[in-house]
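Trainee: May we go through this structure together, step by step?

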Amino acid sequence: MKEQYFDAIVVGSGISGGWAAKELCEKGLKVLMLERGKNVEHIKDYVNTAKGPWEFPHHGNLTLAQKELYVNRIRGFGPNEKNLDWWANDAETPYTEIKQFNWFRGYQVGGRSLLWGKQTYRWSDIDFEANAKDGIEIDWPLRYKEIVPWYDKVEKFIGVSGSTENLPQLPDGQFLPPMEMNIVEKDIAARIKKNITINAV
Ligand SMILES: Cc1cc2nc3c(=O)[nH]c(=O)nc-3n(C[C@H](O)[C@H](O)[C@H](O)COP(=O)(O)OP(=O)(O)OC[C@H]3O[C@@H](n4cnc5c(N)ncnc54)[C@H](O)[C@@H]3O)c2cc1C
């Protein structure tokens, strides 16, 4: 076999490894990416995306046998019949649990970026200054305005869902249109807006 040389090796093609590889490639480096999971062809392999609930044998629910296989993954949000392909099960990712520790993994090209909910919140100066104000550990070496261009760059590429709210404690980002709220969520949001004043300190 012909020997090949690479400038960098990236292990794992999730959002962390994927982003590192993208940046390195764009700067002209020759990059080898190692991924333990299956290959995923964009669109073609999203076989459940366009299905209606009636097209799933269990209407989107897991069988008892599947629940047993994914017992640690079902806590809170988690696997269902529609997205099961993208979750590593408990047998593939065993671990000893002394205290509850929710460990979710997806073994495929793209890792858990195929599962994430498009919600990513920016830190504000309230966060960057909090530990210094409380006298805990070392002050962050940067403040919000210095990191803004980097937030902008990443958000534009990955696609973050959100609505512009002008809240000092939760800075707005480069959002895609927000996911629509249902009628109950809209009612709750309106009541919170009317009745609660949040004072940023
Ligand atoms: C259902 C769900 C919803 C989520 N929603 C949000 C959200 O709305 N907002 C948010 O900010 N975060 C969300 N997250 C979390 C977010 O998706 C993850 O934090 C993020 O995708 C992790 O990226 P990563 O690259 O660090 O790890 P991973 O995506 O886990 O990537 C690791 C990759 O490495 C591979 N790998 C592992 N071991 C090896 C090995 N030995 N050799 C080679 N390859 C290996 C894996 O197969 C995988 O592809 C969500 C997560 C889940 C599961």
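Mentor: A residue is buried if 20 or more other C-beta atoms, placed from the backbone, lie within 10 Å of its own, exposed if 12 or fewer, and partly exposed in between. The model is predicted: local features need pLDDT of at least 70, side-chain atom pairs count only at pLDDT 80 or more, and totals for chains, interfaces and linings use all residues. Residues are numbered from 1 along each chain as its sequence is written.

Trainee: Is Lys118 buried, partly exposed or exposed?

Mentor: Lys118 lies in the loop between α2 (64-69) and α3 (125-134); helices are DSSP runs of H or I with at least four residues, strands are runs of E with at least two, and both are numbered from the N terminus. Its phi is near 65°, a positive value in a residue other than glycine. Because 13 other C-beta atoms lie within 10 Å, Lys118 is partly exposed.

Trainee: How does Glu137 count, as buried or exposed?

Mentor: Glu137 is found in the loop between α3 and α4 (144-158). Its phi, near 55°, is also positive in a residue other than glycine. There are 8 C-beta neighbours inside 10 Å, so Glu137 counts as exposed.

Trainee: Which residue in β2 stands opposite Val10?

Mentor: Strands β1 (residues 8-11) and β2 (residues 31-34) run parallel and are joined by 4 bridges; two strands pair if DSSP finds at least two bridges between them. In β2, the residue opposite Val10 is Met33.
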